[in-house]
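I opened the model to look up contacts, strand pairing, the core and the aromatic rings. My notes follow in the order in which I worked.

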Amino acid sequence: MKELTRAEEQVMLFLWDMEKAFVKQLVEMYEMPQPAYNTVSTIVRILERKGFVSYRAFGRSHQYFPIVTREEYMQFIGLRIVRDYFNGSFVEFNQFFMEKGDINPNEFDRITDIK
C-alpha cells in the first residue's frame, strides 16, 4: 500500500463516508472554493491506479467506490508513523502525546486497559 497525498486522502475520506460517488458528487463535498471537476477527476484516477478505488461504468460516467477500507489505511499509516517517528515503539508514541498534553491521564489509562 502506498501513502496518500493530502488531496488523495481528502477524496478517500469523502468516498469512505459516501461509500460510492460520481466525481460531481465528490466536488460538491468540498467547502468553497471547490476544486475544479477535472482536478478531482484526476485525483480519482490516480487513486484507481494506486489500487484504492474502483468504479462502475454508467455509459460515459463512472461511479467510484473504495476498495481499501478506512481501517486498512489507518492501520497502514499508523504503523508507518510509529515505525518512522517513534522507533517502532507504541510506548514512545503514547509518551510523546502525553508529554505534549494531547492525551490526558484518563485516556492513557483507557489505552493501557485495552486488551
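I started with glutamine 63 and listed what it touches, leaving out residues up to four places away in sequence: Lys20, Ala21, Phe22, Ser54, Tyr55, Arg56 and Phe58. Contact here means heavy atoms within 4.5 Å. Glutamine 63 sits in strand 3, and its relative accessibility is 12%, so I noted it as buried. The classes are buried for under 20% relative accessible area, exposed for over 50% and partly exposed in between, with a 1.4 Å probe and protein chains only.

Conditions, for the record. This is a predicted model, in which local features need pLDDT of at least 70 and side-chain atom pairs count only at pLDDT 80 or more, while totals for chains, interfaces and linings use all residues. Residues are numbered from 1 along each chain as its sequence is written, and side-chain values use heavy atoms, with hydrogens and water left out.

Next I checked the strands. Helices (H or I, at least four residues) and strands (E, at least two) are DSSP runs numbered from the N terminus, and two strands pair if DSSP finds at least two bridges between them. Strand 2 (residues 53-58) runs antiparallel to strand 3 and is joined to it by six bridges. These two strands form a hairpin with two residues between them, and glycine 59 in the turn has a positive phi of about 65 degrees. Strand 1 (residues 21-22) pairs with strand 3 (residues 61-66), also antiparallel, over two bridges. Which residue of strand 3 stands opposite alanine 21? I found tyrosine 64 there, and tyrosine 64 is also the bridge partner of tyrosine 55.

I read off 21 residues, of which Val11, Met12, Leu15, Leu26, Leu47, Phe52 and Val53 touch the most other members. At least two residues each come from helix 1 (6-18), helix 2 (23-29), helix 3 (37-49) and helix 4 (70-85). Helix 1 gives the most, with five. For leucine 47, I set aside neighbours within four places in sequence and got contacts with Leu4, Glu8, Val11, Met12, Phe52 and Val53.

The search of the whole structure gave eleven aromatic pairs. I looked at phenylalanine 14 and tyrosine 30: their centres are 4.9 Å apart and their planes at 85 degrees, so the pair is edge-to-face. Phenylalanine 14 is in helix 1 and tyrosine 30 in the loop between helix 2 and helix 3, so the pair ties together parts 16 residues apart in sequence. Both residues are buried. One aromatic cluster is formed by Trp16, Phe52, Tyr73 and Phe76.

I also noted arginine 56 over the face of phenylalanine 65, at 4.4 Å from the ring centre. The test wants NZ of Lys or CZ of Arg within 6 Å of the ring centre and within 35 degrees of the ring normal.

Last, I looked at glutamine 75, which lies in helix 4 and is exposed, with a relative accessible area of 52%. Its C-alpha atom is separated by 23 Å from that of glutamate 99, 24 residues apart along the chain.

Technical notes:
Core = buried A, V, L, I, M, F, W, Y, C linked by side-chain atoms within 4.5 Å. Phe/Tyr/Trp six-rings, centres within 6.5 Å; stacked < 30°, edge-to-face > 60°.
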